Amino acid sequence: MGEKEACMEHSGCEARITQCEKNDVDIFKRLREVEMAVWKAAGASGVVTALLVVVLERVMK
């Protein structure tokens with residue numbers, strides 16, 4: 001009888017754990033996409049900054 005009560009109490013745990021694992025996969029996928037966007041933006045801003053420095057150096061000479 002004690003086991004049956006425990007099973008009823010914890011019957012949804014497996015489903016909740018599975019749902020959490022699915023959510024983790026989705027979250028990590030989106031997080032990776034955001035990370036890649038940040039890296040691309042950082043690279044682009046670095047290139048723009050370098051070009052601006054070169055242009056300013058030539059103008060100031």
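Visitor: How many disulfides does the count come to?
Guide: The count comes to zero disulfides. Please note that this is a predicted model.

Visitor: Remind me, what is a disulfide?
Guide: It is a covalent bond between the sulfur atoms of two cysteines.

Visitor: And Cys 13, which accessibility class does it fall in?
Guide: Cys 13 counts as partly exposed, because its relative accessibility is 25% and the buried class requires a value under 20%.

Visitor: What about Cys 20?
Guide: Cys 20 is also assigned to the partly exposed class, its relative accessible area being 47%.

Visitor: Switching topic: what does the secondary structure come to?
Guide: The protein has two helices and zero strands. Helix 2 covers residues 13-60.

Visitor: How many salt bridges does the structure hold?
Guide: It holds one salt bridge. The partners are Glu 35 and Arg 32, with 3.2 Å between their closest N and O atoms.

Visitor: How are Glu 35 and Arg 32 placed in helix 2?
Guide: They are three residues apart in helix 2, so about one helical turn separates them.

Visitor: Which residues form the nonpolar patch on the surface?
Guide: The patch is formed by Val 55, Val 59 and Met 60, which together have about 360 Å² of accessible area. Val 59 lies in helix 2.

Visitor: Is Val 59 buried or exposed?
Guide: Val 59 counts as exposed because its relative accessibility is 64%, and the exposed class begins over 50%.

Visitor: Finally, what percentage of the protein's residues count as buried?
Guide: Of its 61 residues, 0% count as buried. The accessible surface comes to about 6000 Å², and carbon and sulfur atoms account for 67% of that surface.

Terms used:
Residues are numbered from 1 along each chain as its sequence is written. This is a predicted model: local features need pLDDT of at least 70, side-chain atom pairs count only at pLDDT 80 or more; totals for chains, interfaces and linings use all residues. Side-chain values use heavy atoms; hydrogens and water are left out. Patches are made of residues with over 30% relative accessible area and no salt bridge: like charges are joined within 9 Å, nonpolar side chains (Val, Leu, Ile, Met, Phe, Trp, Tyr) within 5 Å. Accessible areas come from the Shrake-Rupley method with a 1.4 Å probe; for residues, only the protein chains shown count as cover. A salt bridge is a side-chain nitrogen of Lys or Arg within 4 Å of a carboxyl oxygen of Asp or Glu. Helices (H or I, at least four residues) and strands (E, at least two) are DSSP runs, numbered from the N terminus. Buried means under 20% relative accessible area, exposed over 50%, partly exposed in between (1.4 Å probe, protein chains only). A disulfide is a pair of cysteine sulfur atoms within 2.5 Å.
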